[in-house]
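Subject: Structure for you to look at

Hello,

I am passing the structure below on to you, and after it I set out what was found. Please read the notes with the model open beside them.

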Number of protein chains: 2
Amino acid sequence: MSQCALKIDKLPSVRRLPAYLHLLRELSGKGEQFVSSPYLAEKMHIEAILVRKDLELARINGTPRVGYCIADLIKGIEDFLGWGETLDAFLVGVGQLGASILGNRELMNFGLKIVAAFDVNPRKVGATVHGVPVFDSARLEELLSRLQVSIAILCVPAAEAQQVTDVLVASGVKGIWNFTSENLAVPEDVITQKEDLASGLAVLSVKLTRNKPPTH
Amino acid sequence: MSQCALKIDKLPSVRRLPAYLHLLRELSGKGEQFVSSPYLAEKMHIEAILVRKDLELARINGTPRVGYCIADLIKGIEDFLGWGETLDAFLVGVGQLGASILGNRELMNFGLKIVAAFDVNPRKVGATVHGVPVFDSARLEELLSRLQVSIAILCVPAAEAQQVTDVLVASGVKGIWNFTSENLAVPEDVITQKEDLASGLAVLSVKLTRNKPPTH
């Protein structure tokens with residue numbers, strides 16, 4: 001039931017928090033100290049009232065005519081997301097998608113540290129991809145029990161997804177970031193977050209359809 | 001203002017539609033004719049009431065004790081998403097992420113057809129990646145005006161994102177699927193959909209934090 005602790009209607013706000021963090025760090029890097037909700041709204045392409053609602057999650061209130069203190073807001077968002085500390089993770093499946101995640105600097109900026117990658121392909125085992133060593137998938141269980149990471153990033157082919165998941169769960173992984181098309185079966189105390197590229201395509205398609213001038 | 005035509009509170013439902021479509025096609029492939037909302041709820045890991053709300057978008061109602069007609073539901077979702085016909089697209093930036101999108105079969109199943117890819121790297125130009133020809137980015141404008149695609153998938157480095165976007169917009173592209181970390185500036189009649197990997201990480205982190213047993 002713990003997955004219900006965060007109301008599902010807050011998830012769109014949670015999804016936007018990294019984009020705020022990116023913007024706020026940029027502003028902070030330029031020496032800015034305060035920011036207004038209309039400014040954030042313009043940059044985020046959403047309405048100011050929604051910005052204020054999103055930022056309630058970080059438990060930071062703006063001051064009229066001054067705006068939000070940028071440093072407080074960054075700290076509030078990081079605390080809410082649990083991104084103050086580094087998140088250690090394993091990545092399984094070093095195909096093109098897996099490799100692109102290993103090279104994603106934005107994720108590193110948000111505290112994700114992929115400490116090891118795994119693949120079944122002997123040509124990839126022993127290599128280093130974007131600074132991350134690639135091990136044989138057969139060693140997943142052994143290294144999981146030794147290194148105690150709590151997040152695994154799953155980029156294997158769909159047909160292998162559940163089998164790898166079973167190994168991950170048996171080894172104590174508590175969060176699986178699922179980049180496969182499979183709906184994974186996991187025990188109640190394990191969190192899965194499915195990334196579905198088609199979701200973004202759906203939103204784009206719907207907006208495009210609504211945006212078309214009538215054809216007659 | 002056309003971007004507001006679809007209420008923002010419907011977007012989480014829209015994002016889930018491809019996953020329904022995936023499930024429904026699987027069931028249909030197994031010869032099933034009807035499906036219940038509790039079954040879909042279990043597979044989607046959400047509540048049945050939310051399933052019924054999501055499927056209202058497809059304008060299909062279930063029948064008590066019988067459930068939803070799978071064929072009608074598939075058609076209703078495809079119509080809502082505008083996925084009955086093929087969506088032609090260009091992809092710009094054939095790095096690891098771009099290449100993984102070119103190879104994503106799930107997106108093809110949903111009607112996305114990437115007809116050409118573009119890169120500035122002379123070693124990639126002339127190659128074929130997952131069946132898609134790679135052209136020199138210098139030819140983007142010329143090929144856009146010739147082929148009339150309405151969607152561009154943007155996978156270039158962040159520093160080049162706005163410049164490429166300006167070319168796309170000037171050539172009449174109406175939808176940009178943005179995989180860069182840049183917030184793109186576009187005219188009002190152009191739709192952008194930003195994919196931010198960090199959004200998924202945020203949701204996973206928050207759920208994991210809420211899921212932890214109290215430390216004392």
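Across the interface of chain B and chain A in this predicted model, seven residue pairs are in polar contact, both residues of each pair being at pLDDT 80 or more; a polar contact is a pair of N or O atoms within 3.5 Å, where within protein one must be able to donate a hydrogen and the other to accept it, and residues adjacent in sequence count only if both atoms are side-chain atoms. Salt bridges between chain B and chain A, by contrast, number zero, the term meaning a side-chain nitrogen of Lys or Arg within 4 Å of a carboxyl oxygen of Asp or Glu.

On the side of chain B that touches chain A, at least two residues each come from α1 (11-29), α4 (70-81), α5 (96-102), α6 (105-109), β8 (175-178), β9 (191-194) and α9 (197-211) of chain B, with helices (H or I, at least four residues) and strands (E, at least two) taken as DSSP runs numbered from the N terminus. The largest share of that side, 15 residues, is supplied by α9(B). Sorted by class, the side of chain B that touches chain A holds 35 nonpolar, 19 polar and 10 charged residues, where Ala, Val, Leu, Ile, Met, Phe, Trp, Tyr, Cys and Pro count as nonpolar, Asp, Glu, Lys and Arg as charged, and the others, Gly among them, as polar.

In all, 64 residues from chain B and 64 residues from chain A take part in the contact, which means heavy atoms within 4.5 Å. Between chain B and chain A about 5,600 Å² is buried, 67% of it given by carbon and sulfur atoms; buried area is the accessible area (1.4 Å probe) that two parts lose on being put together, summed over both. In chain B, the residues that lose the most area to chain A are Arg15(B), Leu197(B) and Leu201(B), together 12% of what that side buries.

Over all chains the structure holds 12 salt bridges. One salt bridge joins the side chains of Asp79(A) and Lys75(A) (2.7 Å, N to O), and both residues lie in helix α4 (residues 70-81) of chain A, four residues apart, about one turn of the helix.

As for confidence, the predictor gives the complex an ipTM of 0.88 and a pTM of 0.84. The mean pLDDT (the predictor's confidence in each residue, from 0 to 100) of chain A is 89, and 93% of its residues reach 70 or more. Over residues 1-5 of chain A, however, the pLDDT is below 50. Where pLDDT is low, the predicted coordinates should not be read in detail.

Residues are numbered from 1 along each chain as its sequence is written, and chains are lettered from A and ligands numbered from 1 in the order in which they are written. In this predicted model, local features need pLDDT of at least 70 and side-chain atom pairs count only at pLDDT 80 or more, while totals for chains, interfaces and linings use all residues, and side-chain values use heavy atoms, with hydrogens and water left out.

Best wishes
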